[in-house]
Amino acid sequence: MEFSEIEIGAVYSFAKIVSRDDVLKFAGLSGDFNPLHVDPAFGERNIFKANVVHGMLLGSFFSALVGMYCPGEKSLYLSQTLNFKLPVFIGDSIIVKSTVMDKSESIKIIVLKTEILKQDQVAVYGEARVKVLDESFNFFDMKTAIV
């Protein structure tokens, strides 16, 4: 997606059912085998009565949204805030959503409101800043790097 094609107010989203396999693969990659996430017996005994999906796994879905939907292959993630309101459990169906809130023509940066919805309630929210690259961007020239 070209920078000029991105409109303030545009919404991008995808649906996902978070599986036990997703959680176990993330645990393997991150090294976070906290029983709150991976041990069903521990999950049954905790305050939530089930295993809770890693917050950082949920946050990684925003990376998929930015890298695949808006702006897609021309994106360079600059920052992401994460705020957790509701737990997400294995088997939950979620909507990963972003809304374009602002864009800066001079530096080709967009600001996205990011949300993960579970049963129409916000479970995770935050803000992403993303640079939209063009052919002239040079990763090795720090003068063209991010402001």
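## Ground rules

Buried means under 20% relative accessible area, exposed means over 50%, and partly exposed lies in between (1.4 Å probe, protein chains only). By that scale Lys108 is partly exposed, because its relative accessibility is 24%.

This is a predicted model: local features need pLDDT of at least 70, side-chain atom pairs count only at pLDDT 80 or more, and totals for chains, interfaces and linings use all residues. Residues are numbered from 1 along each chain as its sequence is written, and side-chain values use heavy atoms, with hydrogens and water left out.

Helices (H or I, at least four residues) and strands (E, at least two) are DSSP runs, numbered from the N terminus.

## Strands side by side

Two strands pair if DSSP finds at least two bridges between them. Strand S1 covers residues 11-17, and strand S4 covers residues 93-104. They run antiparallel, joined by 7 bridges. Ala15 has Ile95 of S4 as its bridge partner.

S4 also pairs with strand S5 (residues 109-118). This pairing is antiparallel too, with 10 bridges. Here Thr99 stands opposite Lys113 of S5. In a regular strand the side chains alternate between the two faces of the sheet.

## Ile95 and its neighbours

Ile95 belongs to strand S4. Its relative accessibility is 33%, so Ile95 counts as partly exposed. Which residues does Ile95 touch, not counting residues up to four places away in sequence? They are Ser13, Phe14, Ala15, Glu115, Ile116 and Leu117. Contact here means heavy atoms within 4.5 Å.

Lys118 is 23 residues from Ile95 in sequence. In space, the two are 6.7 Å apart, C-alpha to C-alpha.

## Helix H1 has two sides

Helix H1 spans residues 20-30. Its buried residues include Asp22, Val23, Phe26 and Ala27. They share one side of H1, because they cover an arc of only 135 degrees around the axis. That arc is taken from the directions from the helix axis to the C-beta atoms. An α-helix has 3.6 residues a turn, so residues three or four places apart point the same way.

On the other side of H1, Lys25, Gly28 and Leu29 are exposed. What covers the buried residues of H1? The cover includes S1, helix H2 (35-38) and helix H4 (55-68). Gly31 follows H1 and has a positive phi, near 85 degrees.

## Rings and charges

Rings of Phe, Tyr and Trp (its six-membered ring) pair if their centres lie within 6.5 Å; planes under 30 degrees apart count as stacked, over 60 as edge-to-face and the rest as tilted. The count comes to 2 aromatic pairs. One of them is Phe14 with Tyr69, which is stacked: 5.4 Å centre to centre, with 15 degrees between the planes. This pair links distant parts of the chain, 55 residues apart. Phe14 lies in strand S1, and Tyr69 lies in the loop between H4 and strand S2 (75-80). Phe14 counts as buried because its relative accessibility is 14%. Tyr69, at 39%, counts as partly exposed.

A charge sits over a ring if NZ of Lys or CZ of Arg is within 6 Å of the ring centre and within 35 degrees of the ring normal. The charged end of Lys103 sits over the ring of Phe3, 4.5 Å from its centre. Lys108 also lies over the face of Phe3, at 5.3 Å from the ring centre.

## Loops worth a look

Start with the loop between H4 and S2. Pro71 has its place there. The peptide bond from Cys70 to Pro71 is cis, with omega near 5 degrees. Lys74 is found in that loop as well. Is Lys74 buried or exposed? Lys74 counts as buried, because its relative accessibility is 15%. Its side chain makes a polar contact with the side chain of Glu2 (2.4 Å). A polar contact is a pair of N or O atoms within 3.5 Å; within protein, one must be able to donate a hydrogen and the other to accept it, and residues adjacent in sequence count only if both atoms are side-chain atoms.

Next comes the hairpin of S4 and S5, with 4 residues between the strands. Lys108 is in this loop. Its phi is near 55 degrees, a positive value in a residue other than glycine. Gln119 sits in the loop between S5 and strand S6 (121-132). Its phi is near 50 degrees, also positive in a residue other than glycine. Gln119 counts as exposed, because its relative accessibility is 66%.
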